[in-house]
There are 4 protein chains.
Amino acid sequence: MGELERVPVGIVGASGYGGVQLVRLLQDHPHLELTYVAGNSTVGQEFSELYPYLSNIVHQKIEAYDVDVIADRCRIVFLALPNGLAYKMAPELLARGCKVLDLSADYRFTDLATYKTWYGMERTDGEINEQAVYGLPELYRDQIAESNLIGCPGCYPTASLLALAPLLKQGLVVPETAIIDAKSGTSGGGRHAKVNMLLAEADNAIAPYGVARHRHTPEIEQVCSDLAGREVLVQFTPHLVPMVRGILATVYATLRDPGLVREDLLTIYGAFYRNRPWVKLLPAGTYPQTKWACGTNLCYISIEVDPRTDRVIVMSVIDNLLKGQAGQAIQCVNIMMGWEETLGLPKLAFYP
Amino acid sequence: MGELERVPVGIVGASGYGGVQLVRLLQDHPHLELTYVAGNSTVGQEFSELYPYLSNIVHQKIEAYDVDVIADRCRIVFLALPNGLAYKMAPELLARGCKVLDLSADYRFTDLATYKTWYGMERTDGEINEQAVYGLPELYRDQIAESNLIGCPGCYPTASLLALAPLLKQGLVVPETAIIDAKSGTSGGGRHAKVNMLLAEADNAIAPYGVARHRHTPEIEQVCSDLAGREVLVQFTPHLVPMVRGILATVYATLRDPGLVREDLLTIYGAFYRNRPWVKLLPAGTYPQTKWACGTNLCYISIEVDPRTDRVIVMSVIDNLLKGQAGQAIQCVNIMMGWEETLGLPKLAFYP
Amino acid sequence: MGELERVPVGIVGASGYGGVQLVRLLQDHPHLELTYVAGNSTVGQEFSELYPYLSNIVHQKIEAYDVDVIADRCRIVFLALPNGLAYKMAPELLARGCKVLDLSADYRFTDLATYKTWYGMERTDGEINEQAVYGLPELYRDQIAESNLIGCPGCYPTASLLALAPLLKQGLVVPETAIIDAKSGTSGGGRHAKVNMLLAEADNAIAPYGVARHRHTPEIEQVCSDLAGREVLVQFTPHLVPMVRGILATVYATLRDPGLVREDLLTIYGAFYRNRPWVKLLPAGTYPQTKWACGTNLCYISIEVDPRTDRVIVMSVIDNLLKGQAGQAIQCVNIMMGWEETLGLPKLAFYP
Amino acid sequence: MGELERVPVGIVGASGYGGVQLVRLLQDHPHLELTYVAGNSTVGQEFSELYPYLSNIVHQKIEAYDVDVIADRCRIVFLALPNGLAYKMAPELLARGCKVLDLSADYRFTDLATYKTWYGMERTDGEINEQAVYGLPELYRDQIAESNLIGCPGCYPTASLLALAPLLKQGLVVPETAIIDAKSGTSGGGRHAKVNMLLAEADNAIAPYGVARHRHTPEIEQVCSDLAGREVLVQFTPHLVPMVRGILATVYATLRDPGLVREDLLTIYGAFYRNRPWVKLLPAGTYPQTKWACGTNLCYISIEVDPRTDRVIVMSVIDNLLKGQAGQAIQCVNIMMGWEETLGLPKLAFYP
């Protein structure tokens, strides 16, 4: 595919952190071209007015949402909006032949009753919803390749599920013992002016939030249940860490076979993720820092077994805005278009 | 004065960082007692609902502003409000016999035309304004002692003026060469939900703001002019640093007498601040970190002379919310009441 | 007790963070007076040369360790040394009539075989070791009151045990389900020049370490076993957070009686800690930030029950250098001397 | 040039932050290939043992320094060593036909007496030193293109000189009024275990250091003098900021012609940097954050004029390890090899 044939791409709702990641990633993608950005309160502004570091670099006006314009100008559309909006837009975009990737929670649930319970909105679009595929390529690559509607995973579920999947898939742990203690940088809260996200409030401190009731719980449980072949409930606790980007999930579970040692699990994980270029398994005894993954689409995973307690402890780190959001969406596009999964995505962090 | 005779104190506008510092400081003051807190949108709440770390520790309801109630219950009133409100309240509080300390900019200017130029509001209360004293005790202790109306200094002016005062007072530098490059933690922006103050935006970065037009400039110039005995303009540039508290002012000025050495200036500063318990002069060659002052009412000052350029460089650090705001206000109260200047104020940081 | 009768106190090994906290705390204690500081490579220096923010404030020379001098000048001695030194010094100090508080791990274990397993050193001082009391006053106040030798707890065990104790003591949880996911600021690593503790390395990131083998594990287990009345193993995972001070322990355990609700547990914890002034139980639904406790000797505790999983999640925060180390040591001294437990210790943080 | 003809590159001293940036940058460069890494105490290790995030990604053994091996395997050699070593190695590497880029201070000074004054080492290699070009491409591109020996600039000089150059070159300011107040992340201190660079020490604080005597001063002055056509002394003050990467230089100077306004200067800077792809001039009124440049080879510049004081204030930000060090070295290589100046270098940050 030559320069002249880049696939035109639109973003609806580009003012937030998810949106700016997409804009940024598209600068480097050899086969995609940003041709449309829709906003709401920012219509008419240059995108670089929202992010001045892009002045004289990104030249893109923010337009009002217009489905005909999009259909005319884009083959692929990213929806980066608050929950509850995408499911009203996606059907008309699909009908006009666009491929749709939704970064909100709207298309993450196979059972809309679960969506209603946790997100509060009544949905009657079961038919369209059934077409949606959960956009975690390490688990659902084949389905993604054949779908036009992707429900992109949440940041916490991405980190948590990549850590847990081999254990559940292979039946190595007792599913209900799974505890996910997750830690995130504050960019996960989005570009919204909230007092508790001020540097003055959130710096010099770590704190839990949403204990026993965070909305990413049912999303994790849906995939865990799928992997385990039966309904699974997990314990999930998020924490706010004084850093901008990055998620660490520390996952605990009790081994069914207490005879398993760390090296066994490294072998199993190695096989499970063999053709998954974005998952990097760390050498025994090496634990990851979140910033190893920051600025990339990578997920680093480390495994430890505690023979005293018969538990496995899996640690995974990702960049919450890339592998946890916009990068993974581009990864899905690569798969949907039949390109290399790694195309145009950042592959290695700068350290420190 | 016994326990039973504590002086009753009120705070109008206690929901911000200045307010919570006052509430916190009053917990430890042996002669003051918080008896009244007025709010606006928070009326009816427990103060600890705004700052949950005070739950079961501080028991104080937030009331609506009522001048009769205040006059009845308080002898001293702190006004911790946005600019432009205090000058409407202070006259009626003074008329009822309260001592008033205003933490906003309303009473910092002897010339109300300057206030109008920089803050935009027309004022016709020149008579009351003339009673106000600029609450920087290291320079105006005697006037503070005799006043009932204190315009408490801004955080940047406090750090800047303590660094500059001896130089200007003794005529050691060319006043118009004074450049103040100041760096502040983000709590100086207050407890307001603003995007640019989010941890995600302000962390991992330093940035200038308000270059050549920050409102603390005329306040610094007013006192510099007073010290120099003629009108002085200064260059003042603030920066936002990824930390919660603290201000560092790095001040440059050209020496009139290039023969002066560092030790000369240390002697002069030592004499100037001899009876000023909150100013700590550092040994030659030791430069301060902002956090040395954090959690205290101290100002650490360090002096360097560059014989190559004939300049003096003075570095001063304070806690922007204590010596730069609420602590200094309590210091003024101590002076107004004839108590020890250091009474009930935190004297030494915990390090690191 | 008047000013003239302050109890003289010595510190052996004051150059680290534990030492400087003790020095700082002693500035404010009404009944204790620092009369002696022993160092090693720093002998002959002023203490303030190590911590320049104390220049012209703390005047104390660092001396060589000399047991006769200590016995002559001190009634109470804090040992703030690397592991494996205190057990060689304490006997001779006790023999000369000093009360000894050891901040290292040397006197934390009732079973010296455990010490050998985890710390590697052979010990033959079982008799003296038997006199040692584990210095966690919320659990062992009476024993501390009657002892002359205190093994001060580690920072992680303090936070972990205050979170777990009521559950184990009352038999409310299945002990072997206890998982402690702990997060600490980097000051816990001490004032040692280590590459992984550089700001450049540790900032902008969170990372686990010592997974399934951190030395604080057996210390936590010893007390848990004591509380549960039988041997208990726990899962303990520490993490390094990009902040200076503070520990958060997020503790998970499965309830024996799934009918228990959050309010039940709040009542039980309230009763358990009724006369424990340094433990603050938070209102239902309020979770603590580490910095609420920083600069104080407080421990804030929050409790959540997940009825979906039958687990209790307890969150506790402390200042790792105060309640987790030096502050708790002073708290023990207060108890040993028959004073108020809160005497001379910082009671409330400055926020933010 | 095809894949098979990549130019082989070696790094001597790759364990530090400069080294790891080079290794990382070379992963993405289409025409360069890392073929050799020399170390000292790390000989025999895998490079990824030093930086575990590169495990299974970078496969490169660390070898002992051997000039014959280098000459055999490399056409370009980066020296990333402490000051005082490169000038002993470069001559023999040049003699064997290698192009040499030195990241230390050894080849930055045209006058070796200046080197001696500030770095303390006696040098007798004036002849070789005369061949060295100061590797700041925005000022010395033509000379770099023709040289085989580059003295790569320090991080502070890069930020400072890009801010000052147009002013001095065009004679717009009084040179001796130039004051550079610079702020750096702590990675500038290198990967050395130093107590003052610990997160516990450097976080939550900003502090000046090296006031009036930092070694980057003469380097800045040499280029300023070159630009001004006469000897210039500048005031330079560095500060340590609690962040990992990034430098902000806030530069003050008095305008010769007080009639100049901001827009005039924007025009002049625009012309000066027209064909300099790594310098981005910001729109009027927009001031840069350091992190806009982080992870890239960019320098963002903003200009303000204060008509009250007749001063210009120029603010520039760079990534201290890329444009301030390793990225700029690759930029020099691109020029030396006749390639596009931007080849293979990171062009745009991820925000936030």
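The contact between chains B and D takes 37 residues from chain B and 37 residues from chain D, where two residues are in contact if their C-beta atoms, placed from the backbone, lie within 7 Å. This is a predicted model, in which local features need pLDDT of at least 70 and side-chain atom pairs count only at pLDDT 80 or more, while totals for chains, interfaces and linings use all residues. Residues are numbered from 1 along each chain as its sequence is written, and chains are lettered from A and ligands numbered from 1 in the order in which they are written.

Elements of chain B that give two or more residues to the side touching chain D include those below. Helices (H or I, at least four residues) and strands (E, at least two) are DSSP runs, numbered from the N terminus.

| Element of chain B | Residues |
|---|---|
| strand S8 | 179-184 |
| helix H9 | 199-202 |
| strand S10 | 235-240 |
| strand S11 | 247-254 |
| strand S13 | 299-306 |
| strand S14 | 311-318 |

The side of chain B that touches chain D holds 21 nonpolar, eight polar and eight charged residues. Here Ala, Val, Leu, Ile, Met, Phe, Trp, Tyr, Cys and Pro count as nonpolar, Asp, Glu, Lys and Arg as charged, and the others, Gly among them, as polar. Of the interface residues of chain B, 100% are also interface residues in chain D, so the copies meet through the same surface.

Chain A has twelve helices and 14 strands. Its radius of gyration, taken over C-alpha atoms, is 20 Å, close to the 20 Å that the globule rule gives for 352 residues, so chain A is as compact as a globular protein of that length. That rule is 2.2 Å times the number of residues to the power 0.38. The C-alpha trace of chain A spans about 60 × 45 × 45 Å along its principal axes.

Mean pLDDT, the predictor's confidence in each residue from 0 to 100, is 97 for chain A. The model scores ipTM 0.97 and pTM 0.97.
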